[in-house]
Amino acid sequence: MTMKGPERPLFDVEEMEVSFGPQHPATHGVLRVQMKLDGERIVEAKPIIGYLHRGTEKLFETMTFPACIPHTDRLDYVNAAHNNQGFCVTMEKLLGISIPPRAAYLRMILAELQRLASHLVWFATHAVDIGAITPFFYTFRERDDILDLFEEYCGARLTLNCMKIGGLPFELPEGWLDRCAEFVDAFPSHIDEYETLLTTNRIWKKRTIGVGVISPEDAIDMGLTGPPLRGSGIEWDIRKVFPYDRYDEVEFDVPTGTNCDTYDRYLVRVEEMRQSTRILRQCLEKLPEGPIMAKAPKVLRSPEGMVYGSVESPKGELGYFIVATENGTEPYRCRVRPPSFVNLQSLPKMVEGSLVADLMAVIGTLDIVLGEIDR
Amino acid sequence: MSDDKPTPNIDDLVIDVEAEKAAKIAAAKAAAAKKAAEEASPKDPWEEKPVPPVHSDAADDDDVTALNGALEGSVVGADHFAGAVTVTVRAEKILDVCRFLKEERDYDFLVDQTAVDWPEREEGRFDLIYWLHRYSDSKRLRLRAIVGEDQTLESVAPVWGAANWMEREVYDLFGVVFENHPGLERILTWEGFNGHPLRKDFPVEGIDTGAAIYPDVYPSGGGPIQPDEGEGA
Amino acid sequence: MSVKDFLSTLLMPELFKGMALTGGYLFRKKETVQYPEKRLKPQDRFRGMFGYSLERCIDCHLCAKACPIDIIYIRDHVEVEEIDGKKKKLKVIDRYDIDVKRCMFCGLCEEACPTEPKAIWLTTLSYEGSTYERNEELYFDKERLESWEGFNAFPGVPAPIDGQVPGDALKKISKAETPEEGAA
Amino acid sequence: MPEPILQLLLIPLVKIVVLLVVVLLIVAYLTYAERKILGYMQVRLGPNRVGPKGWLQPVADGLKLLVKEDLVPGGAEKLVFIIAPAIVMVPALVMFAVIPFGEPFEVAGMTITPYLADINIALLFILGVSSVGVFGIMLGGWSSNNKFSLMGGLRSAAQMVSYEIPMGFAIISAVLMAGTLSMVGIVEAQRTAGWWFVFPGILGFGIYWICGIAETNRNPFDLPEAEAELVAGFHTEYSGMKFALFYLAEYANMMIVSAMAVVMFLGGWLPPFPNLLAGLWASPALAWIPGVIWFLAKMSFFLFCYIWFRGTFPRYRFDQLMAVGWKWLLPLSLANVMLVGLGVLLLKG
């Protein structure tokens, strides 16, 4: 990527190498970006990852199927429910378990609440990266309400471990549905509040429109999923394409963008929050009575084969690829397809040729979580 | 057991072997009777015993036939399991197969690429897995290429940009070398790391890399039970 | 550019709207909980610190097997005793240790426990487990698990009370029975 | 004691001491106010642990910074690194010499002016001295031997230089209306004119205010220290009292900009609308309040706005900041000068 401008620079230009992170206020964890700068312009950006590598995939190979679930919590730590759900959905596919409708609906409620929580974290950090500090506190206030709901349901706020292969571990506590409904009713007005601060703000628009553009063709080629792909105008959502649990029974729209830039991805995510509340309303309405666990054996024994299952996590397609051996009680190989990992790969494509400040906007808009990238 | 605590009810700790056996038999009988009664009435799928998916031949899948037609001898076998087709292809032909699938069959999205280690297997140690997606009809196809430990493989990064990091990861964690990769470096571990962590012969507890390892410290008499200590009786 | 657009560019109404919002928040109620003086009360199912009852434990080792990170260490021996003229095997637990410093509070041990009510559970209403020393202070043997001895030593942890040993995550604990520390 | 010594030495000395103490006290409590107000806007309480309601927080902060280890990074230009904070701090304090806080009053038969000096080129003096401050920031950024600091220093140099021009033009519009460069003269001119200059010079006021925010490196123009990009910008490597000097200088500069806005556009120490309210009941009541109070009240409004902006807005990007400065503010300020000049010409003949 060369700098736009006169063919031959007036002065000798020396590129400055800046190592961005792994300790830096804006890198969302321990991401490191090795940059070559020409003044403020990024000539080359190379993400360096692996500072949080804990060998989770190796650990999966040593533990029984149910014992894997708490470890999935720690992959994308702001988004535990989807990790649980992805693993459980995949295992149910492998074992041929079909879960009761009540369990499926409860899973959807938990997953959509978690999506809201995750998007709120994204909103907060994205805004802080671009210099608006106040939305952080407003979104975390609502996120705390969601975490309270989680805590009431399963006893944990962050690393939930709230699903089991074949259903759910707990029945709902008394009054939980009412509190959830109360939250869902109040939430859209809060979204309006956040949007007042940013959506129409001219500084916000200047910072995001036309920044981090990736064309639909490139987006597909780089394997983008989730909001970054939808921001590039491709209507694609695992919940619609390969519905799991009972997502085929609820109505919702898949928002898409047109300009393929950071602002569109911002709008897509904000709209996704609204759609999530819509799904939540329907789920709360339709929630049937019945058992919450399928009739699964206590000790799960797998057939031989490979299976891939995926869910639409707030970051993109979260997939689990499990290779099982005959009568095995633990996965022979369990690969996680982390959406953040694949999405981060297109960071150089998005930022090269733009300014340092745009790097922040793009890292924010990719919504990466390093726990998931490094695994 | 200290004296100030309530002594445990002795009956709870006593196991009457004979009585236990009898109780077990009775319970099993009751369960069998209940099961027979339940089997008579129709049940919801989640009430029934789960039926695991089975393998079936997928040679007549249209992608497989197309592949066979265009690139003769590239397909070794095709298997259908749990709603997905796995096509085993020759490792030497992987780039041609991928290019064909992308250009002719519209598989323009590489969802995932990974590897599986089978150290004991004769055909070759590693399974390379490519998991493709087609947007037009949302079909997914899994390619499998078997690679030996000292074999290399053609990189598919020129076909799908997404393969770049995934191949780096496979190289890092399994040690499979990809040819013509734009920058095959370690990605999750560091350059110079001794070993490939996801191989089955890599110890789970890790290796001494020279970095400080802080051992677990336990109080005297605590800590994990050593094998020579014996696990109960 | 229409007049309206021009005016909105010049007068910056959206910026003032944002300022009105933040300015309005100056006078709203604050969300802060002044921590050491006031505490948020965890929910009934909150997976806090461990509780254990030697009385109920049947020494089946299921919790140790369920634990994903193998931090429960159980050791027992069998004593043959004569009770009422019958010879009976008696399992005696020598050691029941949990290495809490490595625990990730997933609750699988509680889920695996077959007794009713549970012999090991995670529903103590406390989240204050920090210490200055992790090897000794965060290694709980069976005496400490039962009495929470030492655990009380942490500043501000309410002592366990009678009603707070439900043994089952699903059983309701009456909120009135727990010491009221002033939840906000 | 002979009269001249008293007049020339003692009174100015006392005034200097009082001014320094008051200014530094206000600066210290401005940091407290910022944290408190930001906290309140963000549904939290802000500092409230040290002393009642956190009133002693600035003292605690100061003590902490005082006893902190004073690091000079390896490879830094040591001398420059050490004097850079002073270069920033001293001009910020010197500028207070010409700020008129109130009207002269009599004590024991002596007329005492609540300002150090009323020089006839006060505005030029302020413009000149304030430009010195940017050297400190640049030198501090450059001498730290840190790439983020260097970028912060460069950004701040470019930003300050380009915003000083429209700011100068905005000040000129006020000077045109007053017909003098003296700060006291400008306030007196507003008294004779009967209205604050903000009403005829609303455009100039707006430009001055935006430039003032940019000059002090505050949100939404806080690029030199944008923590999301440059960690802490030019003072990344500073710690202890050196950092404190940078920090205090920023707040002192905020006060200067606010004070100048008050003097030039909001009538300095004058109560509002003396001619409109004359004869109404409110007029004597307003006049009864001392001028210093009026001045400080107006100034605190501006300082509050600083904090308010910080709590609300995102940050501009560097090229956008330049575009705003050169493409919008500069032409607007030029046009404003012409408009005001024309108005003055027509009205005053």
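Two residues are in contact if their C-beta atoms, placed from the backbone, lie within 7 Å. By that criterion, 24 residues of chain C are in contact with 23 residues of chain A. The structure is a predicted model, in which local features need pLDDT of at least 70, side-chain atom pairs count only at pLDDT 80 or more, and totals for chains, interfaces and linings use all residues. Residues are numbered from 1 along each chain as its sequence is written, while chains are lettered from A and ligands numbered from 1 in the order in which they are written.

**Confidence**
- The model scores ipTM 0.80 and pTM 0.84.
- For chain D the mean pLDDT is 82, and 93% of its residues reach 70 or more; pLDDT is the predictor's confidence in each residue, from 0 to 100.

- Chain C contains 5 helices and 5 strands, where helices (H or I, at least four residues) and strands (E, at least two) are DSSP runs numbered from the N terminus.
- Along the sequence, the elements of chain C follow the order α-α-β-α-β-β-α-β-β-α.
- Of the 184 residues of chain C, 27% are buried; a residue is buried if 20 or more other C-beta atoms lie within 10 Å of its own, exposed if 12 or fewer, and partly exposed in between, with C-beta atoms placed from the backbone.
- Among contacts in chain C with a separation of 6 or more, 69% are between residues 24 or more positions apart.
- On the side of chain C that touches chain A, where 24 residues of chain C take part, helix 2 (13–25) and helix 4 (108–112) of chain C each supply at least two residues.
- Helix 2 of chain C gives the most to this side, with 6 residues.
- The residues of this side divide into 13 nonpolar, 5 polar and 6 charged; Ala, Val, Leu, Ile, Met, Phe, Trp, Tyr, Cys and Pro count as nonpolar, Asp, Glu, Lys and Arg as charged, and the others, Gly among them, as polar.

**Chain B and its contact with chain A**
- Contact between these chains involves 36 residues of chain B and 39 residues of chain A.
- Strand 4 (84–89), strand 5 (109–117), strand 6 (126–134) and helix 5 (163–174) of chain B are the elements that give two or more residues to the side of chain B that touches chain A.
- Strand 5 of chain B provides the largest share of that side, 6 residues.
- The side of chain B that touches chain A comprises 24 nonpolar, 7 polar and 5 charged residues.

**Strand pairing in chain B**
- Strand 2 (residues 56–57) and strand 3 (residues 75–81) of chain B pair in the antiparallel sense over 2 bridges; two strands pair if DSSP finds at least two bridges between them.
- B:S56 stands opposite B:H80 in strand 3 of chain B.
- Strand 3 of chain B is also joined to strand 4 of chain B by 6 bridges, and the two run antiparallel.
- These two strands form a hairpin with 2 residues between them, and B:A82 in the turn has a positive phi of about 50°.

**Positive phi in loops of chain D**
- D:V43, although not a glycine, has a positive phi of about 45° and is placed in the loop between helix 1 (3–41) and helix 2 (57–67) of chain D.
- D:N145, also not a glycine, has a positive phi of about 60° and lies in the loop between helix 4 (122–143) and helix 5 (147–178) of chain D.
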